[in-house]
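Biologist: I am new to this structure. Could you walk me through how to read it, one feature at a time?

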Amino acid sequence: MNLLTFLSQYWWLVVPIVVVLIAILVLESLESSQTKFAMTCDEAILKVNDHGFVWVDTRPVALYKQSSILGAKHISELKPIKVKSNKKPKYLYFCQQGSTSMKLAQKDNQHYLKGGFDAWLSQHLPVKKEE
C-alpha cells in the first residue's frame with residue numbers, strides 16, 4: 001500500500017492529525033511572538049540602567065501607591081512625548097503577574113517584565129513603599 005492509497009482510504013484519520021499539527025504550529029507562533037518582548041528581572045535591570053528604558057507600572061493606582069519598582073512611573077502619568085530626534089521612548093511595562101503588560105509590549109522599544117511585579121518581589125529586588 002503506497003502513501004496515496006493510504007491517505008485516500010484513511011482520510012478520516014489523517015485530517016484530524018493535520019488539524020492538530022496546524023494548531024500546534026499556530027500556538028507556537030503566537031507564544032514566540034509574545035515572549036519576544038519578555039524580559040527577566042536581570043535583563044530588565046540592564047535595559048533600564050544601560051539602555052534608557054523607563055519602568056511603567058500598569059497595575060491599578062492603589063497598588064502602585066502601596067509599592068512599586070524604584071523609579072517606576074504609573075501608566076496614567078505617561079504623557080505623549082514629542083520626539084525631536086529619531087529616538088523613540090523606551091518602555092519596560094510591568095503588571096502584577098506579567099499578563100496585562102505583555103499585551104502592551106508589541107514593539108522593539110517596548111518590553112515587559114516576565115512574571116510581573118510578583119517575579120520582582122520573589123527575587124527580593126528593591127521597591128519603593130508608600131510614604
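Biologist: Let me start with strand pairing. Which residue in S5 does Asp57 stand opposite?

Modeller: Strands of a sheet pair through backbone hydrogen bonds, in a parallel or an antiparallel sense. Here Asp57 stands opposite Phe94 in S5. Keep in mind that this is a predicted model.

Biologist: In which strand is Asp57 found?

Modeller: Asp57 belongs to strand S2. S2 covers residues 54–57 and S5 covers residues 91–94. The two pair in the parallel sense, over 4 bridges. Another of the facing positions is Val54, which stands opposite Tyr91 in S5.

Biologist: How many bridges join S2 and S4?

Modeller: S2 and S4 pair over 2 bridges, in the parallel sense. Look at Val56: it stands opposite Lys73 in S4.

Biologist: What should I expect of side chains along a strand?

Modeller: In a regular strand they alternate between the two faces of the sheet.

Biologist: Now the whole sheet. What is the order of its strands?

Modeller: The order is S1-S6-S5-S2-S4. This is an open sheet of 5 strands, with parallel pairing. Its edge strands are S1 (38–39) and S4 (73–74). Each of these edge strands pairs on one side only.

Biologist: Back to Asp57. Is Asp57 buried or exposed?

Modeller: Compare its relative accessible area with the cut-off: under 20% means buried. Asp57 has 0%, so it is buried.

Biologist: What else lies around Asp57?

Modeller: Its side chain also has a polar contact of 2.8 Å with the side chain of Ser68. Now set aside residues up to four places away in sequence. Asp57 then touches Tyr64, Ser67, Ser68, Lys73, His74, Ile75 and Phe94. Phe94 is the residue that stands opposite Asp57 in S5.

Biologist: Let me try a helix. Which residues of H3 are buried?

Modeller: H3 spans residues 41–51, and its buried residues are Cys41, Ala44 and Val48. They cover an arc of only 65° around the axis, so they sit on the same side of H3. The face turned away from that buried side carries the exposed residues Asp42 and Asp50.

Biologist: What covers the buried residues of H3?

Modeller: The cover includes strands S1, S2 and S5. It also includes strand S6 (110–113) and helix H6 (116–122).

Biologist: And what follows H3?

Modeller: Gly52 follows H3. Its phi is positive, near 75°.

Biologist: How should I read a phi value?

Modeller: Most residues other than glycine have a negative phi. In this model, His124 has a positive phi, near 55°, and is not a glycine.

Biologist: Where is His124 found?

Modeller: Look in the loop between H6 and strand S7 (127–129). His124 has a relative accessibility of 72%, so it counts as exposed.

Biologist: Let me look at H6 itself. What can I learn from Asp118?

Modeller: Asp118 is found in helix H6. Its relative accessible area is 29%, so it is partly exposed. Leave aside its neighbours within four places in sequence, and Asp118 is in contact with Gln96 and Gln97.

Biologist: How many residues apart in sequence are Asp118 and Phe94?

Modeller: They are 24 residues apart in sequence. In space they are 9.7 Å apart, C-alpha to C-alpha.

Biologist: Last, the overall picture. How many helices and strands does the protein chain have?

Modeller: There are 6 helices and 7 strands. Along the sequence, the pattern is α-α-β-α-β-α-β-β-β-α-β-α-β.

Biologist: And what of burial and surface?

Modeller: The chain has 131 residues, of which 27% count as buried. It exposes about 9,300 Å². Carbon and sulfur atoms supply 61% of that area.

Key. Residues numbered from 1 in each chain as written. Predicted model: local features only at pLDDT ≥ 70, side-chain atom pairs only at ≥ 80, totals over all residues. Heavy atoms only, no water. Buried < 20%, exposed > 50% of the residue type's maximum accessible area, 1.4 Å probe, protein only. Areas by Shrake-Rupley, 256 points an atom, 1.4 Å probe, with all protein chains shown as cover. Pairing = 2+ DSSP bridges. Arc of directions from axis to C-beta. Contact = heavy atoms within 4.5 Å. Polar contact = N/O pair within 3.5 Å; in protein donor to acceptor, adjacent residues only side chain to side chain.
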